[in-house]
Amino acid sequence: MRIKRVSTIGVAGVGLLGVLALTTGCAADTKASGGGDKVVLAEPSWVGATANAAVVKKLLEDELDVKVEAKQMDEPVAFDALNSGKADVILEDWHGVPKKQKKYVEEKKTVVSGGDLGVVGHIGWFVPKYYADKHPDILESYKNLNKHYKDFKTSESGDLGHFIGAAPSYSQHDKELIKNLGLKFKHIPSGAEAAQLKELKRLYDAKKPFLTYWWEPQWMNEKIDLVEVPLPKYTKGCEVPASEAKCGYETNQLEKFMNKDFANGDSKAAEFIKNFHWSTKDQNEVAGMIAGKKMDPEDAAAKWIKDNKSTWEKWIPKD
């Protein structure tokens with residue numbers, strides 16, 4: 001995600017990381033028939049990534065006869081794997097590991113862009129609309145959070161307001177931002193996206209105030225109405241190093257990255273990955289089925305594929 005998008009969102013938010021690799025650890029050489037080839041999808045921990053991986057996995061298997069195995073892998077590990085050739089592609093990058101991107105994409109040139117995913121990613125600080133309606137000044141500037149910090153106190157935060165942080169693996173600099181902006185809040189990270197969403201839903205249903213790290217794409221935006229607290233404007237590099245960050249987050253088109261050899265090889269799987277491009281709405285629909293309706297990812301992917309042939313048939317390479 002980045003969080004380390006969500007991500008989760010998620011995002012979550014928070015969107016999808018997918019990594020493809022041959023079991024040999026070399027760049028894939030998937031032919032049109034796909035017969036005896038195997039691809040490994042490595043997913044990060046947010047549900048948007050699961051949604052992406054589920055759809056890609058099912059289409060590769062059903063339409064290109066490519067064997068697929070899904071594995072968990074966060075962004076930092078994935079970029080190392082792309083560089084070494086043990087992984088082939090990241091389907092959803094939130095620019096959460098800029099140092100590794102610079103090293104592998106710009107300097108070593110072992111990793112190349114696979115094009116936009118089609119999903120727009122955004123991270124920010126959010127409060128429930130019912131709270132903002134009572135305290136509209138909170139939407140004018142982050143500075144006004146200090147006027148209301150006592151409303152957000154919990155047993156965990158002590159004398160400070162409780163800031164609900166993202167899962168530790170998500171892209172974030174909130175702890176540093178709270179300190180550098182002089183805000184009377186304590187950053188308390190969520191253990192995982194599922195735990196954060198469960199807690200937010202509990203607080204929302206009880207009409208309690210809360211301030212949280214939040215992201216789009218995020219399927220739960222269909223269930224809860226949150227509004228964003230303005231942070232200092234993001235400028236390129238303003239969050240590096242994180243210890244000196246005084247700005248918010250970048251809003252960007254989430255991008256795919258590929259191992260150079262895999263991207264340049266004569267592979268139907270690689271061509272399919274380059275063509276894979278769907279909307280925030282599409283991803284939220286599948287993620288909502290998985291996390292909201294508790295559907296098996298394969299079943300959720302199958303339902304979306306059945307209902308959206310006009311979208312995905314454009315991704316299938318022509319013979």
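Of the 319 residues in the chain, 56% are buried, where buried means under 20% relative accessible area, exposed means over 50%, and partly exposed lies in between, with a 1.4 Å probe and protein chains only. This is a predicted model, in which local features need pLDDT of at least 70 and side-chain atom pairs count only at pLDDT 80 or more, while totals for chains, interfaces and linings use all residues. Residues are numbered from 1 along each chain as its sequence is written, and side-chain values use heavy atoms, with hydrogens and water left out.

The chain exposes about 14000 Å², and carbon and sulfur atoms supply 50% of that area. Accessible areas come from the Shrake-Rupley method with a 1.4 Å probe, and for residues only the protein chains shown count as cover. The chain contains 11 helices and nine strands. Both are DSSP runs numbered from the N terminus: helices are H or I with at least four residues, strands are E with at least two.

Two strands pair if DSSP finds at least two bridges between them. Strand S3 (residues 89–93) runs antiparallel to S9 and is joined to it by three bridges. Strand S4 (residues 111–128) also runs antiparallel to S9, with seven bridges.

Aromatic rings come next. A pair of aromatic rings is described by the distance of the centres and the angle of the planes. Here the rings of Phe, Tyr and Trp (its six-membered ring) pair if their centres lie within 6.5 Å; planes under 30 degrees apart count as stacked, over 60 as edge-to-face and the rest as tilted. By this rule there are 15 aromatic pairs. One of them is the tilted pair of Trp-125 and Phe-163, at 4.8 Å centre to centre with 55 degrees between the planes. This pair links distant parts of the chain, since Trp-125 is in strand S4 and Phe-163 is in strand S5 (residues 161–165), 38 residues apart. Trp-125 is buried, with a relative accessible area of 0%, and Phe-163 is buried with a relative accessible area of 0%.

The rings of Trp-278 and Trp-304 have centres 5.1 Å apart and planes at 90 degrees, so this pair is edge-to-face. It too links distant parts of the chain: Trp-278 is in the loop between H8 and helix H9 (280–292), and Trp-304 is in helix H10 (residues 297–307), 26 residues apart. Trp-278 counts as buried at 2% relative accessibility, and Trp-304 is buried at 0%. Ring pairs also link Trp-46, Tyr-170, Tyr-213, Trp-214, Trp-215 and Tyr-249 into a cluster.

A charge is placed over a ring in one case to note here. The charged end of Lys-207 sits over the ring of Tyr-204, 5.4 Å from its centre; the rule asks for NZ of Lys or CZ of Arg within 6 Å of the ring centre and within 35 degrees of the ring normal.

Ser-267 is found between helix H7 (260–264) and helix H8 (268–275). Ser-267 is buried, with a relative accessible area of 5%, and its side chain reaches the backbone nitrogen of Ala-270 at 3.0 Å.

The bond from Glu-216 to Pro-217 has omega near 15 degrees, and Pro-217 is in the loop between strand S7 (211–216) and strand S8 (226–229). The bond from Val-240 to Pro-241 has omega near -5 degrees, and Pro-241 lies in the loop between S8 and S9.

Asp-65 has a phi of about 55 degrees and lies in the loop between helix H1 (47–64) and strand S2 (67–72). Asp-65 is partly exposed, with a relative accessible area of 44%. Lys-294 has a positive phi of about 60 degrees and is in the loop between H9 and H10. Lys-294 is exposed, with a relative accessible area of 68%.

Terms used:
Polar contact = N/O pair within 3.5 Å; in protein donor to acceptor, adjacent residues only side chain to side chain.
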